[in-house]
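Please read this briefing alongside the sequence and the coordinates.

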Amino acid sequence: MSEALLEVNHLKKYFPVTEGLLNRTVGQVKAVDDISLTLQPGETFGLVGESGSGKSTVGRTILRLTEKTAGEVKFKGQDIHSLSSVELRLLRPQMQLIFQDPYSALNPRVRVGDAIGEALLDHGLCSRHEVRELVLESLDACGLSAYHIDRFPHEFSGGQRQRIGIARALILNPDLIIADEPVSALDVSIQAQIINLFSKLQRSKGMAYLFISHDLSVVEHLCSRIGVMYLGSMVETASRDELFHSPLHPYTKALLSAVPVPIPRLKRERIVLKGDIPSPANPPSGCKFHTRCPFAVEVCKAQTPVFRDAGGGHFVACHLV
Amino acid sequence: MKHLMNIEGLSTVFYTEEGKVAAVDHVSFQVREGETVCIVGESGCGKSVTAMSIMGLVEAPGGKVAGGKIDFAGEDLLGMDPNTLRAIRGNEIAMIFQEPMSSLNPVMKIGEQIMEPLMVHLKLNKKQARLRAIELITQVGIARPDQIADSYPHELSGGMLQRIMIAIAISCNPKLLIADEPTTALDVTIQAQILDMLREFKASGGMSILLITHDLGVVAEMADYVIVMYSGKVVEEGGVVELFNNPKHPYTKGLLKSKPVVGQRLEELYSIPGQVPNPLELEPSCYFHDRCEQCLPVCRSRQPQLKELDGGQKAACWLYEEAEVHV
């Protein structure tokens, strides 16, 4: 196998819980608790989970937008979290982030062309004369027109703004794009356009995606490997086909069965989970999922299951598998 | 089945700085007793405004219901005086919204908020209302009802708050429950719980549901009858099985094809080109014409009417009109 583009080993990110006048630390929220994943060049890894599972924090910690608590993030062999700020800055153009809400990710007073070209100039990757040409190229690749370059963000629809967000990441020619729920705020017909844009760009430019989403159908469409997170931990990682056709973890099964399918009168077995996702500040003992798991037995309450290979690169953390 | 609500030619307009917007444009449909009708469409198609118009929640001077009739169980909701309408609202017609957090009063205890409609509409006294509220909390599947009744909205999760909203909505045994994107803000596992619960209440109480959603998966699961809206107009309607198996309007076809489905991966998703037209710039035409692959010359100049086709489905599309208009 070629060298991995991104290697995340036992990454942890705890947020302190403070209380009182003196801000004493009284506990920790284990937002990311021992996550490992690898991403090959040109591959798409999907990270799914419900709100509060820590999937966005994984993305932000990988890019060192927040400092890690423990573990290691290697991008092309370099440990991102031990780089100096100058070294990190040199590496930044190669790893880009696309946000969920294209409305708040753009400065309303900056023309779209300037917003897209800004990073190139900031990183000194091109001169002022060349920038317009490159912005136009990037706009075109993202399905926007040349006359959009001098407009302001409010003149665009949600789908177009997400295209601007993608153009802005794309112009730096990154090797890795972390996309955090990039299509969740969009309507179905626009969502399909943006999903297709993501796959088209990957075919032509060959960058890798870490695609964070709560929507399994979108993830299935785009990703070759998928990891399922629950309360800060990875519960299952497998190739797309494995995960969708023979899921092993009860949580993955429940998630899959909960997604509504647009086929009326479809009879299917549904695992309805009881209750809500517990608070990550006070996660259940043993297997964190045991409070909602329909198959939980005694050992699940007491022991944390080991995340292990169940055969053929299909990893799962469950006592029952 | 008997008609519970009959909406005819409903039009709601908003006055903006740039001009008049017809958010709902001559919309007609029926809801029968014990039936779940889903209105599906993308943002800005007028599905929520339709619900607001039914509830009399479109506020002047920004907007107003400009025309049409809403007949609910034999009474015209639009011509009704505010006091009579208040007696129906929350009683015979209840509504739940997308954001449970912003629909509940943050400084009022959960229990009191459930008790309010019981005391106003059913004339229960405080003690009876409290008992009934606790029953209702149990009914929507929340443990420790006494404790929950004494807590404030910020102490509960989104899924629990939506359950409380449902408890309030069903408290007076409404004939019609209007649910505007009730699960959009929730996780899928919680969504499954809430949808199951709505189905149960419908089956046991015999109420009708008008469910507004953008998610075709939710529609397929819940609906008996489906109404597809686009730019303030109904473009297609029909029974859920017919509509999903044999969609007529190119927009409905496009919507169904562009939705990624779990377990049915395609190399490339179909996508409808372009985007929803600006509501200020609508011309007499089929509003979908510039995104439609089967667009005819007539589509650019005249608006198609909603027409019944074979099989009972209705569609507003020139493709299904008599041959002469095509020339």
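This is a predicted model: local features need pLDDT of at least 70, side-chain atom pairs count only at pLDDT 80 or more; totals for chains, interfaces and linings use all residues.

Residues are numbered from 1 along each chain as its sequence is written, and chains are lettered from A and ligands numbered from 1 in the order in which they are written.

**Chain B overall**

- Chain B has 11 helices and 12 strands, where helices (H or I, at least four residues) and strands (E, at least two) are DSSP runs numbered from the N terminus.
- Its radius of gyration, taken over C-alpha atoms, is 21 Å, close to the 20 Å that the globule rule (2.2 Å times the number of residues to the power 0.38) gives for 327 residues, so chain B is as compact as a globular protein of that length.
- Along the principal axes, the C-alpha atoms of chain B fill a box of roughly 70 × 50 × 40 Å.
- Of the 327 residues in chain B, 47% are buried, meaning that 20 or more other C-beta atoms, placed from the backbone, lie within 10 Å of the residue's own.

**Helix α8 of chain B**

- Helix α8(B), residues 188-205, has 18 residues and reaches 25 Å from its first C-alpha to its last, close to the 26 Å expected at 1.5 Å a residue, the expected span being 1.5 Å times one less than the number of residues.
- Among the buried residues of α8(B) are B:V188, B:I190, B:L198 and B:F201, and what covers the buried residues includes α9 of chain A as well as α7, β7, β8 and α9 of chain B.
- After α8(B) comes B:G206, whose phi is positive, near 70 degrees.

**Strand β6 of chain B**

- Both faces of β6(B), residues 93-96, are covered, with B:I93 and B:M95 buried on one side and B:A94 and B:I96 buried on the other.
- β6(B) pairs with β7(B) in the parallel sense over four bridges, pairing being counted if DSSP finds at least two bridges between two strands, and B:M95 stands opposite B:I178 in β7(B).

**Contact between the chains**

- In all, 34 residues of chain A are in contact with 39 residues of chain B, contact meaning that C-beta atoms, placed from the backbone, lie within 7 Å.
- On the side of chain A that touches chain B, α6, α7 and α9 of chain A each give two or more residues, and the largest share, seven residues, comes from α6(A).

How values were computed
Two residues are in contact if their C-beta atoms, placed from the backbone, lie within 7 Å. A residue is buried if 20 or more other C-beta atoms lie within 10 Å of its own, exposed if 12 or fewer, and partly exposed in between; C-beta atoms are placed from the backbone.
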